[in-house]
Every structure is written in C-alpha cells, then in structure tokens.
Amino acid sequence: MVHPAESSGQGPVTGIILAGGRSRRLGRDKAVEPFGGQPLIRRVIGRVAPLTSEIVVVVADSARGDALPLDSGHRVALDIFPEGGSLGGIFSGLTAAANQWGLVVACDMPFLNQGLLKHMLAQREGWDAVVPQPGSYPEPTHALYSKDCLAGMETRLRANDLKISGFFDQVRVKYLAQEEIETFDPELHSFFNVNSPEDLERARELVDSEQ
C-alpha cells in the first residue's frame, strides 16, 4: 500500500506531534484530556498516522514521554533545545525523523482535516516547507518541513530567536492561501487549538455536533 504522502513522488513523511507544552492556561495536561472517547493526543495521532510512515512525539523530557498514552510503534523525541518553544520542538522532531519531510502538528488540534493534509503533501515538489496561511498569518505548527530547514532553524534557536517563521526567508516556503484551505476546511477548524477551559468546552461542542 502506498501512503498518500508518497503519491506525489516526494517520498514518505514523518508525522511530528508537538507535545512539550505545559498547558498553563488549561491548568492540566491537555494531551491526555479525554476527548471524543479517547485522550486528545490519540485523536490527533489518529488523523496523522494514515498519511505518514512513522509518528514522532516531541516532549520536554523522558518522564513526559512515559506519561503519554502512545502505542509501542510511536517514537518519542526529547527537546534538543529545552527552552526553544515550538520552534525547538519542530527542530527536534525533524532531526529525529527517519524521512526527509515532517508533517508537524500540535497535540491540541482535534479537528485536523485529512483532505487538507493530503493536499499539503501534494504541494512539496520544489519547496522546503508548505505552510497554510489563513488570513494574514501563517500556521507554522500545522505545516510540512523538509530537513533542508534544519540549518535555518538551528541558527535561530542558537540566537534565542524563537519566532518559528523567523527562518522562512532562508528557505523556499509554499504558502497556502485561505481560499485554497477553505476548499477542504470551510470553517478553518483545522487550526483550532485547545489552550483554555473555554477552548476545551467549545471543542467538545464541535465534536458532539459531528456525531
């Protein structure tokens, strides 16, 4: 069986799940928060796994990795730059990836749209990154990166410049405009993050409406 990630001729992709956040606003670990009958991180992995050849979950330390409800086939990568924020997480996951490309998502994005993700995978040829941009700002924690981005990321991390898009001018970035995104996800729910109790309540209302 050929993974959708390979259908564009660009080879298989590693799914990179960012799970190093401290969930300060929610007040508890959102990765394991029950959601739609399963821990939130398992719902996220379930959306990504069919499109990728491996799953790498990026965490701050080994204790955090041990606490997550992961399958035995899922790999855990520790943050190489512990204070590097999401940029550090992306760098760590991409460094650990067995493939040239990584599909990066956060562990608190319950409404990932597989149609949109497949479309992104098909856009890789000739680019170093594929990043959705609904509205005026890119969504760099819902994006594809090749290992050709690692050098630019590392330069920014060592300079403690943690804005993810800070290295974009050093690589070839394919941006997806809102109109293109809406073809697959009209409500733009793909980019919904669970950061607060209010977000969690709203997300559960949305998932109930899916039933």
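In this predicted model, the N-terminal end of helix H4 is capped by Asn113. A side-chain oxygen of Asn113 lies 2.9 Å from the backbone nitrogen of Gly115. Further along, H4 has the buried residues Leu116, Leu117, His119, Met120 and Leu121.

Helix H4 also contributes to the largest nonpolar core. This core has 39 residues. Within it, the residues with the most contacts are Ile17, Ile41, Val57, Leu68 and Leu144. Two or more core residues come from each of strand E1 (13–18), helix H1 (40–48), strand E4, strand E6 (101–106), helix H4 (114–121) and helix H7 (197–210). Helix H1 gives the largest share, 5 residues. In soluble globular proteins, nonpolar side chains tend to be buried together.

The surroundings of Ile41 were examined next. Leaving aside residues up to four places away in sequence, Ile41 touches Ile17, Ala19, Ala31, Val57, Leu68, Pro69, Leu70 and Cys107.

Strand E4 spans residues 54–59 and contains Ile55. Is Ile55 buried or exposed? Its relative accessibility is 4%, so Ile55 counts as buried. With residues up to four places away in sequence again set aside, Ile55 touches Gly15, Ile17, Ile45, Val48, Ala49, His74 and Arg75. Glu180 stands 125 residues from Ile55 along the chain. The C-alpha atoms of these two residues are separated by 27 Å.

Aromatic pairs were searched for across the whole structure, and 6 were found. In one of them, the ring centres of Phe35 and Phe111 are 6.1 Å apart. The planes of these rings stand at 70 degrees, so the pair is edge-to-face. Phe35 belongs to strand E2 (residues 34–35), whereas Phe111 sits in the loop between E6 and H4. The pair therefore ties together parts that are 76 residues apart in sequence. Phe35 is buried, with a relative accessible area of 1%. Phe111 counts as buried at 6% relative accessibility.

The rings of Phe81 and Phe91 also pair. Their centres are 5.6 Å apart and their planes lie at 70 degrees, so this pair is edge-to-face. Phe81 is in the loop between strand E5 (75–78) and H3, and Phe91 is in helix H3. The pair therefore ties together parts 10 residues apart in sequence. Both Phe81 and Phe91 are buried. Elsewhere, ring pairs link Tyr145, Phe167, Phe168 and Tyr175 into a cluster.

Helix H5 covers residues 150–158. Which of its residues are buried? They are Leu150, Gly152, Met153 and Leu157. These residues cover an arc of only 165 degrees around the axis, which puts them on the same side of H5. An α-helix has 3.6 residues a turn, so residues three or four places apart point the same way. The exposed residues Ala151 and Arg158 are carried on the face of H5 turned away from the buried side. The buried residues of H5 pack against helix H3 (85–96) and strand E8 (142–146). Just after H5, Asn160 takes a positive phi of about 60 degrees.

Key: Residues are numbered from 1 along each chain as its sequence is written. This is a predicted model: local features need pLDDT of at least 70, side-chain atom pairs count only at pLDDT 80 or more; totals for chains, interfaces and linings use all residues. Side-chain values use heavy atoms; hydrogens and water are left out. Buried means under 20% relative accessible area, exposed over 50%, partly exposed in between (1.4 Å probe, protein chains only). Helices (H or I, at least four residues) and strands (E, at least two) are DSSP runs, numbered from the N terminus. The arc is that of the directions from the helix axis to the C-beta atoms. Contact means heavy atoms within 4.5 Å. A nonpolar core is a set of buried Ala, Val, Leu, Ile, Met, Phe, Trp, Tyr and Cys residues joined through side-chain atoms within 4.5 Å. Rings of Phe, Tyr and Trp (its six-membered ring) pair if their centres lie within 6.5 Å; planes under 30 degrees apart count as stacked, over 60 as edge-to-face and the rest as tilted. A polar contact is a pair of N or O atoms within 3.5 Å; within protein, one must be able to donate a hydrogen and the other to accept it, and residues adjacent in sequence count only if both atoms are side-chain atoms.
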